[in-house]
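Keep the sequence and the 3D view side by side as you read.

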Amino acid sequence: MLVEAVAQALINSQADAHFEAPWNARGMERPNGYRNGYKDRGFQTVAGALELSVPQARNGSFRPALFERWQRSERALLAACGQMVLAGVSNRNVSRLAEEAFGAEVSPSLVSQILKDIEPAVEAFRTRPLGAFPYLLVDARFDKVREGHRVRSRAFLWAAGVNEKGEREVLGWLDWGGETEVAWEGLFKDLKGRGLHGVDLLVSDAHEGLCQAATKAFPGSSWQECQAHFLRRSIEQVKAADQKAFREDVRAVLHAVDYVRSQELLGLLRARWEEKSPKAVDYVEEHLDSLQAVLALPEGHHKRLRTTNMVERFNQELKRKSRLVRVWPNAESRERVYGALLMEQNEAWTGQAWVHMGGPA
């Protein structure tokens with residue numbers, strides 16, 4: 001867990017400063033007392049249970065400031081954990097954030113070391129075996145990344161799935177130079193190589209390369225085009241003065257509970273707009289099949305799976321947490337941080353049913 005790794009590293013760093021000597025150091029004076037091993041301490045937080053090892057002093061002189069501050073402002077402390085990791089990547093604001101949140105000085109090198117320490121766990125998570133996931137939701141985000149002496153926009157592709165229990169999981173990710181068919185093929189190949197199977201529905205935007213890669217990777221599955229993306233495009237087919245009314249009519253068609261009601265509402269839309277905006281009506285009809293793939297699913301699943309909002313919300317979280325890093329120093333640092341954050345999100349999803357696979361939610 002990212003929070004646990006940060007908290008443990010900060011406790012160890014504060015202990016080194018208190019005892020004025022690292023663990024197992026020999027021949028050094030210890031004016032504040034001598035170490036006396038470690039004591040395990042469980043710590044319940046809004047981020048979950050933490051298992052920490054607290055250094056002990058023979059004279060009882062050491063107590064981590066972390067625990068006192070955590071009790072006063074737990075949520076602020078958790079937010080600072082994420083900020084510190086990002087600040088460590090860009091070597092900015094680390095000491096200030098650590099002093100304000102934890103009462104300890106933390107160098108950029110320590111935060112970088114924290115990331116390196118958790119990297120094996122993140123990699124093990126990214127490469128873990130997968131199973132059956134009936135629903136797959138995918139998205140991409142772009143950031144400025146330094147490559148040599150130039151700054152380029154690079155894509156970060158990632159996939160989430162809904163397993164047979166109706167729980168969400170982060171399945172994997174891929175850092176690539178752009179959002180291309182080859183990139184998506186690479187991600188899907190990796191997921192299938194780790195055992196992903198049983199994909200019945202894939203939800204995404206209408207990126208051409210993504211759609212082509214998905215057709216090759218998951219033959220026989222359905223594709224649900226994100227309705228939110230489509231609505232934004234559809235209103236561009238009519239005059240500005242008509243956009244609000246047209247959007248509501250299209251939205252009614254897309255949110256129909258079944259195919260019969262959908263066709264009834266489509267007829268009303270056609271009657272209202274065909275003479276005024278025939279191209280707009282044709283545009284809706286051309287895309288309708290991919291926009292209503294969810295109608296073949298239990299009604300309780302429709303709202304969850306008609307858009308990519310679930311993965312896009314977390315993309316916004318990645319964006320928010322990366323504001324300290326205007327330009328990533330390299331692709332590896334971005335992937336390391338985003339991977340840790342995705343692993344954290346996966347832990348938050350564990351054990352929570354997002355859809356009821358047995359029927360309506």
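The accessible surface of the chain comes to about 18,000 Å², and 47% of that surface belongs to carbon and sulfur atoms. Accessible areas here come from the Shrake-Rupley method with a 1.4 Å probe, and for residues only the protein chains shown count as cover. What you are looking at is a predicted model, in which local features need pLDDT of at least 70 and side-chain atom pairs count only at pLDDT 80 or more, while totals for chains, interfaces and linings use all residues. Residues are numbered from 1 along each chain as its sequence is written, and side-chain values use heavy atoms, with hydrogens and water left out.

Now for the overall build. The chain has 14 helices and seven strands; these are DSSP runs numbered from the N terminus, with helices (H or I) of at least four residues and strands (E) of at least two. Of the 361 residues, 50% count as buried. Buried means under 20% relative accessible area, exposed means over 50%, and partly exposed is in between (1.4 Å probe, protein chains only). A contact means heavy atoms within 4.5 Å. Among contacts between residues at least 6 apart in sequence, 64% join residues at least 24 apart.

Next, look for the second largest pocket, which holds about 300 Å³ of space. Which residues are the closest to its centre? Of the 15 residues that line this pocket, they are His255, Lys303, Arg306, Thr307 and Asn309. The search runs on a 1 Å grid over the protein atoms alone: a pocket is an open set of points where a 1.4 Å probe fits, with protein on both sides within 12 Å along at least five of seven lines, and lining residues have an atom within 4 Å of a point. Grid points are joined across faces, edges and corners, and the volume is the space filled by probe spheres set on the points.

Helix H8 (227–234), helix H9 (243–254), helix H12 (299–305) and helix H13 (309–321) each supply at least two residues of this lining. The largest share, four residues, comes from H8. By class, the lining has four nonpolar, four polar and seven charged residues. Here Ala, Val, Leu, Ile, Met, Phe, Trp, Tyr, Cys and Pro count as nonpolar, Asp, Glu, Lys and Arg as charged, and the others, Gly among them, as polar.

Stay with H8 for a moment. Six of its eight residues are buried, so H8 is largely enclosed by the rest of the structure. Those buried residues are Gln227, Ala228, His229, Phe230, Leu231 and Ser234. Their cover includes strand S7 (222–225), H9, helix H11 (278–291) and H13.

Let us turn to charge. Side chains of opposite charge can pair when their charged atoms come close. A salt bridge is a side-chain nitrogen of Lys or Arg within 4 Å of a carboxyl oxygen of Asp or Glu, and by this rule the count comes to 18. One of them joins Lys216 and Glu185, with the closest N and O atoms 3.2 Å apart. Lys216 lies in helix H7 (residues 208–217) and Glu185 in helix H6 (residues 181–193), so this pair ties together parts that are 31 residues apart in sequence. Lys216 is exposed at 55%, whereas Glu185 is partly exposed at 29%.

Salt bridges can also be followed as a network, which here links Arg141, Asp143, Glu147, Arg152, Arg154, Asp175 and Arg334. Within this group, Glu147 and Arg152 form a salt bridge with their closest N and O atoms 3.1 Å apart. Glu147 is partly exposed at 30%, and so is Arg152 at 36%.

Not counting residues up to four places away in sequence, Arg334 touches Arg141, Phe142, Asp143, Val145, Arg154, Ala155, Phe156, Asp175 and Trp328.
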